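Open the model in your viewer and keep the selection tool at hand. This tour goes stop by stop, from the whole chain down to single residues.

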Amino acid sequence: MPQIPQTLHELTVGQLSARSGAAVSALHFYEAKGLITSSRTSGNQRRYTRDALRRVAFVRAAQRVGIPLATIREALAELPEERTPNRDDWARLSEAWRSELDERIRQLARLRDHLTDCIGCGCLSLETCVLSNPDDISGERISGSRLMPEGRAAGKA
Ligand code: FES
């Protein structure tokens with residue numbers, strides 16, 4: 001694991017990539033999307049402040065749980081640009097995000113817990129469908145399945 005000396009406050013894109021585990025192309029993409037920022041040397045090379053490591057880690061973790069980039073960018077925009085975000089800044093972001101994350105946890109638990117039962121999708125392929133979705137009555141009310149929360153059933157995601 002590449003170590004970045006504590007004395008080093010500005011990172012090259014290669015150092016940021018090596019330590020964060022994100023490809024250089026991904027870092028360029030994050031920068032183009034306004035998720036991280038860099039300064040330029042007189043030779044026009046990118047330099048990142050050390051806290052870019054935490055931002056990249058945050059972006060990658062949020063992406064892994066399916067949070068859209070636009071939502072991630074809005075959250076990161078809450079952080080101060082003019083100084084390194086501190087614990088309180090991240091706590092504020094985390095609080096603002098709590099409901100979004102709780103909703104995702106609820107959806108994931110719902111998916112985990114309902115996959116063995118009829119989900120009202122219209123397939124009528126499980127024995128339980130006969131009981132909870134006879135003749136696909138769900139189809140009269142929704143498109144999609146009961147796993148999809150109201151409003152998302154009609155592709156309004
Ligand atoms: S699982 Fe599809 S209708 Fe029951």
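Start with the surface of the whole chain.

Two notes before moving on. This is a predicted model, where local features need pLDDT of at least 70, side-chain atom pairs count only at pLDDT 80 or more, and totals for chains, interfaces and linings use all residues. Residues are numbered from 1 along each chain as its sequence is written, and side-chain values use heavy atoms, with hydrogens and water left out.

**The whole chain**

Switch to cartoon view. You will find six helices and three strands. From the N terminus, the order is β-α-α-β-β-α-α-α-α. The radius of gyration is 22 Å, well over the 15 Å that the globule rule gives for 157 residues, so the chain is more spread out than a compact globule. That radius is taken over C-alpha atoms, and the rule is 2.2 Å times the number of residues to the power 0.38. Helices (H or I, at least four residues) and strands (E, at least two) are DSSP runs, numbered from the N terminus.

Now show the C-alpha trace. Along its principal axes it spans about 70 × 30 × 25 Å. Buried residues make up 28% of the 157 residues. Buried means under 20% relative accessible area, exposed means over 50%, and partly exposed lies in between (1.4 Å probe, protein chains only).

**The annotated domain**

Select residues 10–78. An unreviewed UniProt entry annotates them as "domain: HTH merR-type". UniProt positions are given in the numbering used here, feature names are shortened, and annotations may be inferred rather than shown by experiment. The end C-alpha atoms of this span lie 22 Å apart, and the span is 55% helix and 12% strand.

**The core**

Which residues touch the most other members of the largest nonpolar core? Select L16, I72, L76 and W97, out of 24 residues in that core. α2 (24–32), α3 (52–64), α4 (69–76) and α5 (87–114) each supply at least two of its residues. α3 gives the most, with six. A nonpolar core is a set of buried Ala, Val, Leu, Ile, Met, Phe, Trp, Tyr and Cys residues joined through side-chain atoms within 4.5 Å.

Stay on L16. Beyond its neighbours within four places in sequence, its contacts include L27, I36, Y48 and V56. Contact means heavy atoms within 4.5 Å.

Go to D51, in the loop between β3 (46–49) and α3. Is D51 buried or exposed? D51 is buried, with a relative accessible area of 16%. Leaving out residues up to four places away in sequence, D51 touches T84 and P85.

Next, pick D89 in helix α5. D89 counts as buried at 3% relative accessibility. With residues up to four places away not counted, D89 touches L79, P80, R83 and T84.

Then jump to R40, in strand β2 (residues 39–40). R40 is partly exposed, at 43% relative accessible area. The C-alpha atoms of R40 and D89 are separated by 26 Å.

**Last stop: cysteines**

Select C118, which counts as buried at 10% relative accessibility. Then select C121, partly exposed at 39%. The structure holds zero disulfides (pairs of cysteine sulfur atoms within 2.5 Å).
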